[in-house]
Structure formats: structure tokens, C-alpha cells
Amino acid sequence: MSTARDVLNGVDRERSIRFPVEKIRQDFPLLANAVHGKPLAYLDNAATSQKPLAVIEAEELFYRRDCSNIHRGVHELSERATRWYEDARTKVQQFLNARESREIIFVRGTTEAINLVASTFGRKQVGAGDEVLITAMEHHSNIVPWQILCEEKGARLRVAPINDRGEIVFEEYERLLSPRTRLAALVHVSNVLGTINPVREMVEAAHRRNVPVLLDGAQAAPHLKVDVQALDCEFYAFSGHKLYGPTGVGVLYGKAGLLDAMPPYQGGGDMIRSVTFEKTIYNTLPYKFEAGTPNIAGAIGLGAAVDYVNGIGLDNIAAYEGELLAYGTRVVGGISGVRIIGTAREKAGVISFVIEGIHPHDVGTVLDQEGIAVRTGHHCAQPLMERFKIPAATRASLAFYNTTREIDVLAAGIRKAKELLG
Ligand code: 7TS
């Protein structure tokens, strides 16, 4: 009689024919490293992902061959750098299926994208007695900017609740969309629970009440196909470094009409058309929101990451990661004393868990000694920890270069932690 493991191994063999994970791993030099003398099992992809050679080499080539500032010099290098940077913008536009490339603003990451919207759109649109609606599963970077804004304006932050599986309670969300709601700022995929929110329906519900929507796509853009025109959201934010690109670069998408009407974020070079001491005329989109020398190499690296991900295909990525998640949920969830936090029906590759009687930090330390990289703690989502009445959790977060073998290593590490600490 075949065991569940045999069956799953069979699935794994079939899959490795369909999805060339071993070949893909060769594109990521870091994955071949040992940690504490053990082969690295990198399962902290929600924090940041590893970078393929295509990204590393694009950045290196920029610095070796074309390093120059953009949008200013008439010289060859500056023109090349500008072209490369603007090509990256077009790649991101196509990646998100935005209507126009001027709707793509390069920022530092998701955090800066949300802060940009809070301090421009938010400052202009939110007044005393108004409301901003978020959900109970937000990352701190989609909570705190709105708290700062609400405090400044005398507005109120409302929070849509979730159920015990970690799914939004849709009727409650709809009920909280009030005539005072000026913006709904919603996470697309939760970094702790893995929940994929029904954002299309959530945007529709908000629009029925004339409420614009910002989607935090930090954990969505790397794992599932995002189409901002189909979603019809007003704003979409993501980080390059979670999409196999460099750190320090990310994207804010905004509908052109809205971005045009918004006041600038920061003042400085490049965001102006003309300056006198009496008056400054701002530049057009997207430059109005890109003051100062941007992260040129980072944007170029992000463009290379987008090409790389497109080369594999987000549908293939989502399908493979879905199989890994199913396997991981069975293997990890099957260990006695382990409780998985986040059991939504629509879920991305995140497995957060607690082990009865053992603190997650101690689990993380044991796993680290086995070469397993996971995150432990509150995952920048303290209110969510409170919702589940836990101080912290251990989180394994998956990428398309992970394997069922690594999940087996994780499961063995968890058993060892239980032996040592339980
Ligand atoms: N929103 C979500 C849903 C996130 O998961 C993160 C980062 C952010 C926003 C902020 O992104 P940043 O690139 O601006 O920092 N999440 C995590 C995490 O889960 N572990 O480390 C960072």
C-alpha cells in the first residue's frame, strides 16, 4: 500500500517534469550556499526573495557600462541610463497591465508607496470626521500611515474584521463602507495568513459607494497575476525586492486622473517644470512624484526581474507554489502540537504556525542551525497576532524555487525543535 508520502513524491516527480525547479534554482546563486554547514533551505520569501543572475547582472552592467544620471545629461551614458530606466517603467506597466506608463511611479517600496498616497491624496481628501477603512490583516505599513493621517485630520480608522480562517467577513466590510469613507486601503495577500482577498469584489463594493481603493500588493505581485485595469483599483503598491528584484525600489500604480490631481509628495529636482522663488510649476506624470535622483540601478534590476518572472509565467508560478503549499500544509500541519495560523480557502504560499508550549523564537533558532531560514515574531502585523491570541508565530513563506525536499527538511527541523524544547 502506498503512503501519503509516496503519493506526494509521485506528484513531485511529475511536477518536476512540468515545472523545472532544479533548473530554475541554478539561476539563483545564493541558493547553493550552505548555512551552518547545512544546505540552505530559504523559506523567508515573504520578507525578501533571492535574486536571479539576470537581476544581479543587469545592475552590474549598469554600473560597469552605463552609470549616469537620468533625464538630464545630453551625453551618451545619460541617454542610455534614461532609456534603461524608462524601459523598466514600461515593463512594470505591462506587468500590471496599467493603461499608461505615466501611471507607474518608482518609489522605495510598498511602504513608501502607501505613505505617498497617505500624504498626498490622503491629506487632500480626508478631513475631520471622515473615515479610512482597512482590514484586520494589514501589515503595519498599511496601518500606521493611515493612523498618522487620521490623527492629523481628526478622522477615524475603521477595521474590517476577519473570521477564524483568516478570511475577510465580507458583509462586515461592506457595512463599514460608509458615506464618510474616503479610502479603503486593503491588503491583496496577507503576509502572515497567506489569505488571497477577493479584491475585485472588494473594489466593486467600495466603488458602489464611491470609495476609492488602494491595494497593498507586496505579497501578491510576486505570486499571482495582477491586472490593475481588471481590478479597477485606484492605487496598487508593491516592492521590487519581494519580486526577485533589488531592495530599495518599488512601485506605486495610480490612475492617471487621480495622480494628476494629487499634490506632489516631495519637492526637489526632476519633479518640476520650472522654478522661480515666487512659484514652481510641477512636472507631468510620473516625474511629479519622483523628486531627486531615483534608484536608477534598482529600477533597471526590477525591469530584469519582471522579464525573468514573465519568462517562467505567473500562472505556472501560482500553480507550482499552490502544489508546494498543499504539500507543506499537510506535512507541517500533520505534526502533532503544530497549529497552522491562516487556513483561508484562497491562499498563497505562506505557512505560519505555532507549536504548543514552544516559543517561535526558539523554534526559529533551532531551524536556523539546520540551515532553514524562516521568520519568527509578529511579522509587522501585531493587531493580527492579537486577533489570533498569539504573541508570535513561525512563518515559512514559499517561492517558485523552493522544493518539497526543503519542506521535508523544515518538517524534520520542527520535529527536532519539539524534541529539544518540548
Ligand atoms: N505590505 C505587506 C503585505 C508586506 O508583507 C510588507 C513587507 C510590506 C507591506 C512592506 O514592504 P516593504 O518592502 O516596504 O518593507 N512584509 C514583510 C514580511 O512579511 N517580512 O518582512 C517584510
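**View 1. The largest pocket lies between domain 1 and domain 2 of this predicted model.** Sorted by class, the lining of the largest pocket is made up of six nonpolar, nine polar and five charged residues.

**View 2. Domain 1 and domain 2 are in contact with each other.** The protein is divided into domain 1, which is built from the segments 4-32 and 313-417, and domain 2, which covers 56-310. The C-alpha centres of domain 1 and domain 2 are 28 Å apart, and in the contact between them 35 residues of domain 1 meet 31 residues of domain 2.

**View 3. The largest cavity has lining residues from both domains.** A search of the whole structure finds one cavity of 30 Å³ or more, and the space in the largest cavity amounts to about 60 Å³. Its lining consists of Asn45, Ala46, Val189, Gln219, His223, Ala348, Gly349, Val350, Ser397 and Leu398, with at least three residues drawn from each of domain 1 and domain 2. By class, the lining of the largest cavity holds five nonpolar and five polar residues but no charged residues.

**View 4. Ser49 is a buried loop residue.** Ser49 is found in the loop that runs between β3 (41-42) and α3 (53-66), and because its relative accessible area is 1%, below the 20% limit, Ser49 counts as buried. A polar atom of the Ser49 side chain lies 3.5 Å from the backbone oxygen of Lys242. When residues up to four places away in sequence are not counted, Ser49 touches His241, Lys242, Leu243, Tyr244 and Tyr401.

**View 5. A cis peptide bond joins Leu285 and Pro286.** The omega angle of the bond between Leu285 and Pro286 is about -5 degrees, and Pro286 itself is located in the loop between β12 (280-282) and α11 (296-312).

**View 6. His36 and Asn210 each have a positive phi although neither is a glycine.** For His36, which sits in the loop between β1 (34-35) and β2 (38-39), phi is about 50 degrees; because its relative accessibility is 45%, between the limits of 20% and 50%, His36 counts as partly exposed. For Asn210, which sits in the loop between α8 (199-208) and β8 (213-216), phi is about 60 degrees; because its relative accessibility of 71% is over 50%, Asn210 counts as exposed.

Notes. Residues numbered from 1 in each chain as written. Predicted model: local features only at pLDDT ≥ 70, side-chain atom pairs only at ≥ 80, totals over all residues. Heavy atoms only, no water. Helix = DSSP H or I, 4+ residues; strand = E, 2+ residues; numbered from the N terminus. Buried < 20%, exposed > 50% of the residue type's maximum accessible area, 1.4 Å probe, protein only. Polar contact = N/O pair within 3.5 Å; in protein donor to acceptor, adjacent residues only side chain to side chain. Contact = heavy atoms within 4.5 Å. Nonpolar A, V, L, I, M, F, W, Y, C, P; charged D, E, K, R; others polar. Domains from an automatic or database assignment. 1 Å grid on protein atoms, 1.4 Å probe; cavity = no way out; pocket = protein on both sides within 12 Å on 5 of 7 lines; lining within 4 Å. Points joined across faces, edges and corners; volume = space filled by probe spheres on them.
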